[in-house]
Amino acid sequence: MTRRIRIGVQLAPQHAEYADIRRAILRAEELGVDVVYNWDHFFPVWGDANGKHFECWTMLGAWAEVTERVEIGALVSCNSYRNPHLLADMARTVDHISGGRLILGMGSGWFERDYTEYEYPYGTAGGRLRELEVGLYKIRRRLSQLNPPPTRSIPVLIGGGGEKLTLRLTAQYADIWHGFGSPDVIQRKNAVLNDWCVRLGRDPTEIERAVGVDAGTPVATGDELFAAGVTQLTIGLNGPDYDTDPITDWLAWAQEKNGR
């Protein structure tokens, strides 16, 4: 399978008014990005720890209404914060509101302050990963039972690079794998994911490979990431300004690679 390169943007929902975020997603869509993500936290991840911050899924419902073309999703939604049956129903609903443009990003969670302040049990990294496995199974089952059903088979994105469990779950459940790291790291993780696919009887080419890049990352890095197997590159933008200027260069690079 030959995949078209896609450019995504992650708008960190922190240090900004919602009006700033709304303007940013509309500008990103206008420029021509393929996907816009937020994230699933309750407090800023960097900068002023007590700065402005907004909730993930309420925002996705609003994005579904205000946009027309881009796919939307969380990068990623924390499995610990919502009952998986409820999360499946939320995803199905946003899928319908958006006309079939939701990507269901999933992860096991890591930001301890979210857990302690919102009174979720933090547990251990291994325990949260095991809960993610159960959650993914329940989400898949619930999506098959909802009436009306989703408008499409909602693409599942799994974020993380753990080679023993996260990449196995990706091979089992995901349509998109999202990682971070240098091209060498991504290439190694891709090889591990391919091996898990073979072991589970799945075609590795069914899974889109994605990576996050900083706004200041040179576009030349894209060639190395593409050679490592990446076909979705997501630029991280922070509030309150959400400088969208770097998007233009990445879009031009992708158009050239895709043969326009």
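Trainee: How much space lies in the largest pocket?
Mentor: About 700 Å³. Keep in mind that this is a predicted model.

Trainee: Which residues are the closest to its centre?
Mentor: Gln 10, Leu 75, Val 76, Trp 110 and Phe 180. The largest pocket is lined by 32 residues.

Trainee: How do the residues of that lining divide into nonpolar, polar and charged?
Mentor: The lining has 16 nonpolar, 13 polar and three charged residues.

Trainee: And which elements each supply at least two residues of the lining?
Mentor: Among them are α5 (125–143), β8 (208–214) and β9 (232–237).

Trainee: Let's stay with α5. How does α5 lie against α6, parallel or antiparallel?
Mentor: Their axes cross at roughly 5 degrees and come within 11 Å. Angles under 35 degrees count as roughly parallel, so α5 and α6 are roughly parallel to each other.

Trainee: Which residues meet there?
Mentor: From α5, Leu 129, Leu 132, Glu 133, Leu 136, Tyr 137 and Arg 140. They meet Thr 166, Arg 168, Leu 169, Gln 172 and Tyr 173 in α6. That contact divides into six nonpolar, two polar and three charged residues.

Trainee: New topic. At what angle do the axes of α1 and α2 cross?
Mentor: Roughly 45 degrees, for α1 (residues 18–31) and α2 (residues 56–66), with the axes coming within 11 Å. That makes α1 oblique to α2.

Trainee: Is the crossing left-handed or right-handed?
Mentor: α1 passes α2 in a right-handed crossing.

Trainee: What residues meet in that pair?
Mentor: Tyr 18, Ile 21, Arg 22, Ile 25 and Leu 26 in α1 meet Met 59, Ala 62, Trp 63 and Val 66 in α2. By class, the contact of α1 with α2 has eight nonpolar residues, no polar ones and one charged.

Conventions
Residues numbered from 1 in each chain as written. Predicted model: local features only at pLDDT ≥ 70, side-chain atom pairs only at ≥ 80, totals over all residues. Heavy atoms only, no water. 1 Å grid on protein atoms, 1.4 Å probe; cavity = no way out; pocket = protein on both sides within 12 Å on 5 of 7 lines; lining within 4 Å. Points joined across faces, edges and corners; volume = space filled by probe spheres on them. Helix = DSSP H or I, 4+ residues; strand = E, 2+ residues; numbered from the N terminus. Nonpolar A, V, L, I, M, F, W, Y, C, P; charged D, E, K, R; others polar. Axes fitted to C-alpha atoms, helices over the stretch in contact; angles between N-to-C directions. Parallel < 35°, antiparallel > 145°, perpendicular 65-115°, else oblique. Contact = heavy atoms within 4.5 Å. Left-handed = near helix turned anticlockwise from the far one by under 90°.
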